[in-house]
Amino acid sequence: MQKLKILFLDIYKKEGFRINKDVNGAFGTGNNYIGGFFTKLLARYQKESIFWPPIYFASTMGVAEKLGNNCKYSTTLKDANDDFDLFILSSSIVACETELKAIEYLKNFDLPILVIGPFASTCPEKYIQQGANVLIGEPDTALFTNSKILNQLTTSSQLIYPSNKQAKIVNLPMPSWENIFEHKKCVMGFLGSGYSLPIYASRGCPYSCFNYCTYPLQQGRNLRNESINRLVDQIEFYIKKLKVKSFLFRDPVFTINRKRVIDICNEIIARKIKIVWGAELHLKDIDTELARIMAKAGLRIVFVGIESINPESIKKTKRQNAPIDKQLRSIKILEKNGISVKAMFIFGFPGDNLNNALKTINYALSLPITYLQFSVFTPYPGTPIFSEYKDKITAKNFEEYTQWDLVFNHENLTTMDIKYLLNKSYKSFYSSIFRLTRIFYRLAKIELRKRFGIF
Ligand code: SF4
């Protein structure tokens, strides 16, 4: 098989806020907090201190290299030229129109263009109309099990349906972070200074909130686990090779299998790896024993979705939250063990109104958490709930789907209401000297662990 020279292009729109193509099931988000001083400051800080490309992009590069191809990663079209045999583009809802413009430019080179990722896989039409090929399904496992796909691409636009979607992940080559680091380093300010990497211990999520969530669209609803040894080998490898100091587990729900979490932590502790890491988890899974071992293994921040305290909204979105008293107990356990909790809430769920939203803000402010996030309910194409909203969509472009903009006619809330709620919630939380001191204290402890292995 001919070995190809491939340019992996990860193109971003220039904005005053951070665009991340990996989060939100790799549909991406843009931290467009809108309006006030505090929200603008926060958006600017996040833009400067956080960057990582989609994991599927790094992993697909790893596969392409394993197949013998010569790959280069870039975030700029200036690197495109006809020395390459193929362009592969990442896709996202939040930078969709920018990606389409990039395809228009790349067509000048008369080379095959392939678009990959959950968003293009779910909504391939615009990319196909623009003249690119679109790979349907999970790109890394698809290429790994169908090694001829890349060599068979042409300049005509086609949908490519691989024969083996969502295959096992234990045999995949490692993501090509070395290659990505040559162009741009990954950093996550919330995990302190130095380089960071996102990593998967598992893919897939079986929970019923797939009704509105984008994660299962590509990862599926079956849980697929990475081998624990291979996972910790990867962590050690990137620490040595790329001087990475922290990791963010990007599993949809890291604590979905308690025994596995304990085994992962024990392996990290047994190998004396002094890292700092973060993860997304469910409050219903937390108890003191689990929090202690995760903290001992280096867990310092968790992201927990509470979304709303309006029972009607929770019911309509088919979410299963932990009861309120359990939420508080779990948050206290985590924070007591030095694990910062970032609680995530959503305005504009079905049935939400100004009164409910203000109650949710008050509830959020009453929690002993370190970080807070409020975003805006967004019915994403491809999710089951989208069918209820498709005739109410007001957004003209996909790039308006930042998760901080209202993209549909809400039954009770206007765009002005949403702006007001976002400003109120962020300002109320982050303007507190007590909370800011707590954040600095936690970040200082993270630095001490990274530098001296203490805490
Ligand atoms: S638990 Fe629900 S919201 Fe979280 S990733 Fe799974 S389906 Fe999505």
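## Basis of the description

Two strands are taken to pair if DSSP finds at least two bridges between them. Helices (H or I, at least four residues) and strands (E, at least two) are DSSP runs, numbered from the N terminus. The structure is a predicted model, in which local features need pLDDT of at least 70 and side-chain atom pairs count only at pLDDT 80 or more, whereas totals for chains, interfaces and linings use all residues. Residues are numbered from 1 along each chain as its sequence is written.

## The sheet from E11 to E18

An open sheet is formed by six strands in the order E11-E14-E15-E16-E17-E18, with parallel pairing. Strand E11 (195–199) and strand E18 (371–376) are its edge strands, each of which pairs on one side only. From one strand to the next, the twist averages 20°; axes are lines fitted to C-alpha atoms, for helices over the stretch in contact, and angles run from 0 to 180 degrees between N-to-C directions.

Strand E14 (residues 244–249) runs parallel to E15 and is joined to it by four bridges, and the bridge partner of Phe249 in E15 is Ala279. Strand E16 (residues 299–307) and E15 pair in the parallel sense, also over four bridges, with Phe303 in E16 as the bridge partner of Glu280. Six bridges connect E16 with strand E17 (residues 340–347), again in the parallel sense, and Val304 stands opposite Ala343 in E17.

## Strand E15 and its crossovers

Strand E15 (residues 276–280) is largely enclosed by the rest of the structure, because five of its five residues are buried. A residue is called buried if 20 or more other C-beta atoms lie within 10 Å of its own, exposed if 12 or fewer, and partly exposed in between, with C-beta atoms placed from the backbone. Val276, Gly278 and Glu280 point one way from E15, while Trp277 and Ala279 point the other way.

E14, helix H10 (residues 258–270) and E15 make up a right-handed β-α-β unit. The chain then crosses from E15 through helix H11 (residues 288–296) to E16, in a β-α-β crossover that is likewise right-handed. A crossover has this hand if, with the strands pointing away from the viewer, the path from the first strand over the helix to the second runs clockwise.

## The sheet from E5 to E9

Six strands in the order E5-E1-E6-E7-E8-E9 also form an open sheet with parallel pairing. Its edge strands, each pairing on one side only, are strand E5 (70–74) and strand E9 (159–160). Strand E7 (residues 113–116) is joined to strand E8 (residues 133–135) by two bridges, and Leu114 has Asn133 in E8 as its bridge partner.

Helix H2 (residues 55–66) lies across strand E1 (5–9), E5, strand E6 (86–90) and E7, and runs at about 160° to E5. Helix H3 (residues 96–106) lies across E1, E6 and E7, running at about 175° to E6. Contact between two residues requires their C-beta atoms, placed from the backbone, to lie within 7 Å.

## The ligand shell and Pro216

The residues around the ligand are Cys205, Tyr207, Cys209, Phe210, Cys213, Tyr215, Pro216, Pro252, Val253 and Gly305; a residue is near a molecule or strand if its C-beta atom, placed from the backbone, lies within 6 Å of it. This shell divides into nine nonpolar residues, one polar and no charged. Ala, Val, Leu, Ile, Met, Phe, Trp, Tyr, Cys and Pro count as nonpolar, Asp, Glu, Lys and Arg as charged, and the others, Gly among them, as polar.

Pro216 lies in helix H8 (residues 215–219) and counts as buried because it has 22 C-beta neighbours inside 10 Å. Not counting residues up to four places away in sequence, Pro216 touches Cys205, Phe210 and Arg221.
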